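Visitor: I have a structure open and would like to learn how to read it. Where do we begin?

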Amino acid sequence: MGAWIMAGVTFREAGRKKILWMALALGVAFLALFGTGLHFQAQASSRRGVPPLIRTEALNAMMMMGFYAIDLLAVAMTVLTSVDTLSGEIASGTIQAVATKPVTRRQLVLGKWLGFVAMLTLYVVLMVGGVTVVGRLVGGATVHHLLRGTMLIWLECILLLSLTFLFGTTFSTLTNGVLALGFHGLAFIGGWIEQVGALTHSTRAVNVGIAASIIMPSEALWRRAAFEMQSPLFGAIGIASPFSNASVPSPTMIVYASIYLLVTLGFAIRCFGRRDL
């Protein structure tokens, strides 16, 4: 019960943050821009008599670009909204007023985590749903395995959320943010190395990318989401990109990322329970 109470408090506190509303405003602006570009693309394809297959694949490509932008927005919002949840309250001393009986430290961390999970779930559903609806209404575009892709993007955000909670129990707010984004940047670069290595048949480069995904599997979740949502023809294009199917993360990597998330959250609860406030 204490964890659920903290989850409700955290959700309401997150709703008061200006950065959340700015992220929503930017999301709406992005959807408007995306819809405008998609409209002109569909209109130009119709006027020029582009073959239906090419027209469909062009719209699918724009849909994947839209989902990629949503993924980046969701990742940024995850880190920026949660980065000071523990570290900021510890530094200011306000955590001492909350971390008292009958609410245990475990309930406090878990409750805050659940509150942010609820907020991020709402954000991801709204933004992915917005891109899907705009694509359908403006260009008649459809998405393959939308639910699977959305769940993987959501899992990526929750993974980063758990990492910021872990770092927040030990480091300052600034250091926490740098570490969380740095780990995701490592995964991002590793993903590109793996894709290029697969296209150039470099086993060592692929192994470097896989090693980066083991250290931080967030980018692997996006690449699997892209594989699920895009059309097979578009994904088969031999170009290194965030949507390439040159090297697709396996279901085993998704299971590993889920375990990584739970272990990270467990360590966050353990470290917070042992540190001096």
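**Reading the model**

Guide: With cysteines: a disulfide is a covalent bond between the sulfur atoms of two cysteines. Counted as pairs of cysteine sulfur atoms within 2.5 Å, disulfides here number 0. The model is predicted, so local features need pLDDT of at least 70 and side-chain atom pairs count only at pLDDT 80 or more, while totals for chains, interfaces and linings use all residues. Residues are numbered from 1 along each chain as its sequence is written, and side-chain values use heavy atoms, with hydrogens and water left out.

Visitor: Is Cys 157 buried or exposed?

Guide: Buried means under 20% relative accessible area, exposed over 50%, and partly exposed in between, with a 1.4 Å probe and protein chains only. Cys 157 has a relative accessible area of 0%, so it is buried. Cys 271, at 27%, is partly exposed.

Visitor: Which helix holds Met 62, and what does this residue touch?

Guide: Helices are DSSP runs of H or I with at least four residues, numbered from the N terminus. Met 62 belongs to helix α3, residues 52-82. Contact means heavy atoms within 4.5 Å. Apart from neighbours within four places in sequence, Met 62 contacts Phe 34, Gly 37, Leu 38 and Gln 41. Leu 38 is 24 residues from Met 62 along the chain, and their C-alpha atoms are 7.2 Å apart.

Visitor: How do helix α8 and helix α9 cross?

Guide: Axes are lines fitted to C-alpha atoms, for helices over the stretch in contact, and angles between N-to-C directions run from 0 to 180 degrees. The axes of α8 (residues 173-199) and α9 (residues 203-215) come within 7 Å and cross at roughly 155°. Angles under 35 degrees count as roughly parallel, over 145 as roughly antiparallel, 65 to 115 as roughly perpendicular, and the rest as oblique. Therefore α8 is roughly antiparallel to α9. Residues in this contact include Phe 183 and Leu 186 of α8, and Val 206 and Ile 210 of α9. Ala, Val, Leu, Ile, Met, Phe, Trp, Tyr, Cys and Pro count as nonpolar, Asp, Glu, Lys and Arg as charged, and the others, Gly among them, as polar. By class, the α8 and α9 contact has 10 nonpolar, 4 polar and 1 charged residues.

Visitor: At what angle do α6 and α12 pack?

Guide: Helix α6 (residues 105-139) packs against helix α12 (residues 251-274) at about 135°, with axes 9 Å apart. The two are therefore oblique to each other. Among the residues that meet are Trp 113 in α6 and Phe 272 in α12.
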